[in-house]
Structure formats: C-alpha cells, structure tokens
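Thanks for making time this morning.

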Amino acid sequence: MSGRPLRIPGQRPISRSSDRERPTSSGSQSRRASAPLIPETTQRPLRIPGHRPFARPESRERPCAAVGSSNSITRKTADPRLGPTARCVSRARRPGTPAAVTKAAVKDCIAAREASLRRLRRVADAHAEGSKPFPEIRRELVDTLLHLRQLSLEVTEGIESWRAGGRGGSAIWLDPASGENYLLKMKEDTKWLSDSPLGEILQFSAQSDPFFVVPSTREAEPVPGMAVNIGSGSANQMSPTLRARGQGPNDDRRVALPLQSSLLRRIRKAELVILRDSVQARIQRNGTAFAVPTVDAASPANRMESPRAWQAPAVMADRRGVVTPSAPSTTVVQAGEDNTGKVQAQLLTTSAGVLEEVLDSARVSVKLAETLMPSLEGRKRPPRPVAPSGPVCLEPVRATAASIRAVYEEYVVRAQERLVSCLEPWSVLEASLGDRSPCALEWFWLFRAGHTCSQNKPDGLTVFRLKKMSTNIGQLLHLSVTDMGMLEEAIAAVKAWMFTFLPIRSIRLTLWHAMCDGELKLDKEVEGFYKRCRFRWFQLTNQRGLRGQVLNGPRFAPPDCEDGPDPMLHPELTCIEICVGQVWMRGAKHPSAVTRRLGSCARNSVVAATCLHNFRTKDLSEAMRLADIANAPAREVAREGFIRGLLSGNLDALLANIQPTSLKVTDELAATDSPAKVAVHIARSMETSSLVMPGILCEGSCDGMELVARGMAAGGYSDAAAGLGVEGISDFIRETEPEEAAFGRLFVTYDWKSVTARDGGFEVPVHVAGKCLDHPHPIFYVATSEESTFVVIIPWEGATTQLPSDETAFADSVRILRATKPVDAPPFGALFMENIDVRHGAKLTEISDAAALNMPKGKVLHVAEFSSLSITSGREMPGCLDREDSGARVFAVKRPFGLGLWHADIDELNVPLAFYIVA
C-alpha cells in the first residue's frame, strides 16, 4: 500500500507509480521525498472552462523535431504506456471513422440485455401472480422497458460497429444459446408482451417492436396554450360543451412509455440494421441465387443517414427505384431480377418504428392522364362468417337492458350452482349493460343440437365481449349449463363461435375461488374441463376481496393443435376509416410531359399544410444559412460599434437610436375564404407554435419514387388506398423528374362509442349539437371510441346555399364550424345513417399560383391527391341486447351532407382533420 499513490476524487495520475520512482532530476527527487504519497500535479495544465488542451502534458514536455529525426515522436514510436492520444469529448468523431468496438464490449452489452429480459419476465410473473401492488408493477415495468430499450440500441449499434471495424459488413453475430443471428432473435424475444398480462398496462405491438415504439405512441394530452394566435383568435365554440359532456373518465391503468425525441434517429437506424439482416436471412432461406442487392449510398434513395450498405454483387436496378420484376407472382428474389425498389420500400419503414418484413408485391404502372384513376370500384368488404355447427348451438337472447335481469334470474335457478359461483357475478354483468359500442356484451342461449328457443328451455347461457388491449381478445364473462355432462361441448361451441365472429387472438376467462369445505379454493374439476379445451393458466388476480385464476385459450392453427384447427382469423371491420394521401412535387424538369390540370390547392388543407410546412422548413433553413453568411460583415460592424460605445460610455445613446422592425400582421378572419389561404394559414401556425397534427405523417425526399413506395409500405394504409390509382404517381414522377417531393398521409380508424344496427343502416346518439346562423340544419357532433375525437355531421338537404364542390368543401366546413354555437338542448337525440363509402382516385393538379402558397415562383408545383372514407356500423353483433325506445327524436341523415373529423388536440386551430361531401 505504501508504494501506491493516494487516490484523490477527480484526479488521475499521468503515469504509473513505477515511473514516478525513476530518478529524472535532483529537483524532482526532492519533491517526491517530501510528499511520497501525493501524485505530482504541478505539471498538469490548469483546467479553465471552455479551454481544451491540444495534447497531454507528457507530449508537451517532449521536444518537437523535424519529421524523420531521431527525436521525432510519431504514433508508431509513442510510449505504449501512455495509451491513445487524448481527444476532446465535445468534438465529434471524424466523418467516416467508426467507433472502436471490441468483441468483448459487444458481449457485455448482450449479457446486460439478457439480464434485462429476465428482469422483464420477473415483472410479468409478479403481475400475473398478483404478488405486488399494481402501482409498483407499473413503475417497475416502465423502468425495465426504458433500460431494455437503451440496451437494445447499444447492442445493435455495437454489432454494426463491430462489423464496420474490419470484420466484414455481413458478418453475423451468433447467439451462443440458440446459435441464431442475435439481431433476428431481438425481433422475436419481446413479441410475447402483447399476449402477456402486461398488455393491460401498456399498448404492445403484436409485431416486431424491439425498441418499444408502439407503447410510446399513445396520444398525449394537448398542451394548454400550445397554439397561440391561431385561427380567428379563439378556439372552437363547441369545445366547452364537448368537455362538459365528456365521454367518461380515462383508464388510469394505461400509461404511455416515455420516448425521447433524441432517440428517434437511433431507433430508425437500428431498425434498418435488423431489417437488413431479416430480409437477407429470408432470401437465403428461400434458396435465392444471390444476396440482397446493394443499396447505393450515393443515390437519392439513400440520402438520409443509414447503416453500412449491404455487401452484395454489383447487380443494380434503375436508380429511381422502378419495379419491373420478371415474375410478379412470386416473392422469391431470382437472379437478375429488378427488385431494388421493393427492397428500398421496406428498408425505410414508416409505421411508428414497427418492422415490416414482407416484400410488397409488384405493381403494374398505368399511364398518367388528367386523372390517374378515372373509374373506381367500391371498397371490398370481407364476407360474413358462417356460423359453426356442432352438438351445441347458440341463439341470441331477446331482451333489453331493463328486462335482462329478470331473464337472468329466471334461468340461473336451473343452472349448475358450482359453475355460477366460480364465474363473474351479476354485479359485473350489470355494470356493462349501458355499453353500446362494438365492445358491448353479447348474450346467447345454449341449446343442444335440434332444440330451439321456442320449443324448449335453454340448456345454458354464455356472455362474452370483445376487449381491445395490446391485442384484441375475447373476454368470456359467463358460461353455465344445466347439465354438467354437456359442459365440455358447450365450452367448445362458445370458443368456436367467438373465434368465428370476433377479430381476436385468444379468449380469457376468470375462475373465482369459491367456498368449498369451509374454505375458499378453486374448483379443480371445472378447471379441468377448460384445460381439455386448450385453456391454460395465464395469471392470478384479486378483485372484490376474492382471488381468481385467469385462463387463456389462444387461437390455434395447424400443426399446433391435435383435434383440429380453430376458425381462421377474420379481418377487423372498423366503424370509421379515413385515408388521405397527398404527394407534393416541386421543381419538375419536364412539366409539359403530362396533361395540365390547374388548381389552387389540394382538397384536404390540413394534409396540404403539413407538406407545405415540410418544404417551408427546408427553404427557411437554407435562407437562414445564406442570410447568416451575407449579414456576417454587418454583425461584425455592429459588434465593434457596441464595444466602442460600451467602452466610451455612450451605449445608452446608441441603443436609443435603434429603430424596431414591425412584424407584418395578416387578417386572420379573411384567411379561410379559399383552400389555399386555409392551407397557408395552418402551415404558418405549425411554424409559430410547433403544432403537430394528430394522425398525419409527412416525409420529404429528393427521390419521389422511393418516397411513394416507402409511404405505401404500411399494411393498413396500403389496403385502404388499394384501387385508388396510386401506382400512376410513380409514372408522373419518372416523366417530370421533380427536384423534391413530400408525401403527407392521414390514416385513422375508430369505432362508434355507441351504435345500434337498424334495417338499412344504423343509429348513433348525438353527443352535442350546435347551430350556425347561415346554415338551415343543426350541426351534430357524434362521439367515437377515442375521447378526443368526434365525427361532425353537417346536413345539406334542402339548404338554400349551394352545395360546395370537393375542392372548396374543406374551406366551407372551416367557416361553418367556426360560426357554430352550442344549443342547450339538442333537438334530436340520435342520427340514422346508411353505410358510406366515398373514394377519390389519385388526381394530379398543377398549382396555378405557387406564390399564393408561399412557395418560390420559379419552381413548378404539382400535387397528386387520393382519399377514401368508410362509415359502417362495425362488425355484426347478433348477441347484443335490444335497445330500448328512449322517445328521443331521430334525425335521418340524407344525402347530400358533409362529414368531418374533429380532434381536440387542434382545438385552438379550429379546423377539422378531414372533411368529405357525401352526395
């Protein structure tokens, strides 16, 4: 211990202790003798804030000789004990210089991530067993996921840096436990979260989401005062009434995982690294003739920062990304096939960070004329499922919310008491009777095959509902029979019915502990019936002072099931689906290559404003850079003048001579008389207040074809836009060659908060009604499944004012909504509507006056827009209880009418997210 220097916090010895004992001079020896345990610090430079030494003190003491002399110090002959030359941590690494990551460092990161995964499993087990309070579980879960996200990023970046360090760009890091590519393992080792009990705390994705982007995408509450001086100076006059008649309290069990904006770029890069390995592994499994094509880092399709290019043979396609495969019916990449566009479309994902692995099928381009898709077909709906057959059949219970209790009590006296006691009590069923949404309770009688409700008393009763969590599940609340001998057949029949008619991945039920032999315990015989029907233990729960065991029955498909597969999963049919897309192109080199169709703006001003804001941001950045260069001499002169005034004592006199510059004030009331002014006004509001439009995603690129292919890669969005002629936009981009493009997309799906199916349509209750002085009909607000979103209905039947065209409908809706005031008592209690399907094919418009949109005059501006609107009653619910006649008047919504989407997050902006004329 006597030979080691004293460790002082913040102090680092400049060399080893053995070096200090070497005699260098008499002065140094005397200093060491007087203070042998204190390290020598007199030769270290003084630390001054903002000062960075050029090198270590040791290097400064050495003589600087000419290159090649005996006293020259080079990197190769430097003392190895000094380590690498010091570098200021505040200065970035040289471009192109990868970080030095060793194999041991990557192993440490992987080991830390595996430990974090085990910690996550322990949190899930603790929540499943109910061993810890819910607030503690929620806090521990958030902390674990944040730590796991950071470790996953470090692992991905470490492996990529290890590859770039001379080990080969396509080297695979094998997991020692499984022997597979560890990056591919990362895609799969967190997918279990969506089906775990933790799904009731956070919204997990059922797809690959190793960086937990989906749990962070829950809509945040609007920030008060976020948009200042927007619109006409006041918020929507209907907002106070909408807030007063809120849709109910929020679910305080759900939280949103924090996501720092600084991590978004790292997450995107890490996703690209994982996706590259995933596609390459898939192609190799299919036995293709060559590896994944190289993405040219110098091409416009790869302008954004991306990981190292793929190592592949020099087989390159059209640099603009044209997809012309020789065999479009197969997804296997063959040798010599042109697939660069397909690979690029999947490389840059747009669905909130969730990896898309399936290669898009090839699309055949069509010739672009005045409209890209002149004829449109209606949106294809999935066929109605066929009811399953078996020894037990289901028939709906014909009752209302007021009469169902008497029906239930009459039946329950005949049911097996042991089944009724271990299922949900009547109080739980009664609490959900008022729900009329697609997640409402469904009641069915159970009959043996050949029996009917009119001839026989029911042999059983079942109550279930759809529950939307991280994944859609079916919640089985009640299943009882009068004869225990038919219980197993009844469970199989209910399970087959739920898997046929509900868009669910599993069925869950809770078996409550009941009193038996003087103690509370689980009925093992009843549990055995469910286990024979492929239900398994899921978690323990405690409610109302009772302990319960949750069982989970997943949907099985071959070869995982021995006694036959479950019914296939049908696509979910949402009540409201809105899809809007706009591709803005600026600076076309050959604008005369297509037929001209002049216009002032696009139909949807909000999506147009986001695209214009994208262009405007680039222009302002370049203008600020040029202004900074041009004004540099003036700034220097002003600086010197202020310094002289400060030193001479005349600074106050100089400041008094400064003339302030007044800002240009625009007339906000006149900013809504045309679609172009509305779009410019919204874009300016986005600049001044950093406003983010909910549900809208906008991206820009110098390669328009790659941008369109990338934007259409999301599954739900591409399905909604199918048949709208989006493929022809690529032809226009190829013919005109614009300098840059921006792709704005709006895609939202909602359910009605309450809906009742009727013959020929459906009814939805009116949430709030208003009145506009220059409109003859009331303005109706209808609640959706999202508390902050409402559907606005503006009837136009019999109105003296002229029906607006599709081009001016958005501006007219803004004018009407801003002039609408709430009424104390709505004149109608419900709306009767028919199913609606409005589709606008892709249409190209050349902007007649680009300067009116605050765009440069010397550049031609084009926009291609497409949209679709689908309004239905949702999925068929035969088991839903009949609605009582409340006596409220019903307004029949007849064509023509306007339908818009209003969101609370842009309340201060006072414009709808989307608006359609249904004629």
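Strand S24, residues 897–903, is mostly covered, with seven of its seven residues buried, where buried means under 20% relative accessible area with a 1.4 Å probe and protein chains only. Strands here are DSSP runs of E of at least two residues, and helices are runs of H or I of at least four, both numbered from the N terminus. This is a predicted model, in which local features need pLDDT of at least 70 and side-chain atom pairs count only at pLDDT 80 or more, while totals for chains, interfaces and linings use all residues. Residues are numbered from 1 along each chain as its sequence is written, and side-chain values use heavy atoms, leaving out hydrogens and water.

In a regular strand, side chains alternate between the two faces of the sheet. From S24, Phe-897, Leu-899, Leu-901 and His-903 point one way, whereas Gly-898, Gly-900 and Trp-902 point the other way.

S24 runs antiparallel to strand S18, residues 789–795, and seven bridges join them; pairing requires at least two bridges found by DSSP. Five bridges join S24 to strand S25, residues 914–918, again antiparallel. Gly-898 of S24 stands opposite Ile-794 and also opposite Ile-917 in S25.

Turning to the helices, H19 (residues 704–711) packs against H21 (residues 727–736) at an angle of about 165°, their axes 9 Å apart. H19 is therefore roughly antiparallel to H21, a term for angles over 145 degrees. Gly-704, Met-705 and Val-708 of H19 make the contact with Ile-729, Ser-730, Ile-733 and Arg-734 of H21, contact meaning heavy atoms within 4.5 Å.

Terms used:
Axes are lines fitted to C-alpha atoms, for helices over the stretch in contact, and angles run from 0 to 180 degrees between N-to-C directions. Angles under 35 degrees count as roughly parallel, over 145 as roughly antiparallel, 65 to 115 as roughly perpendicular and the rest as oblique. Buried means under 20% relative accessible area, exposed over 50%, partly exposed in between (1.4 Å probe, protein chains only).
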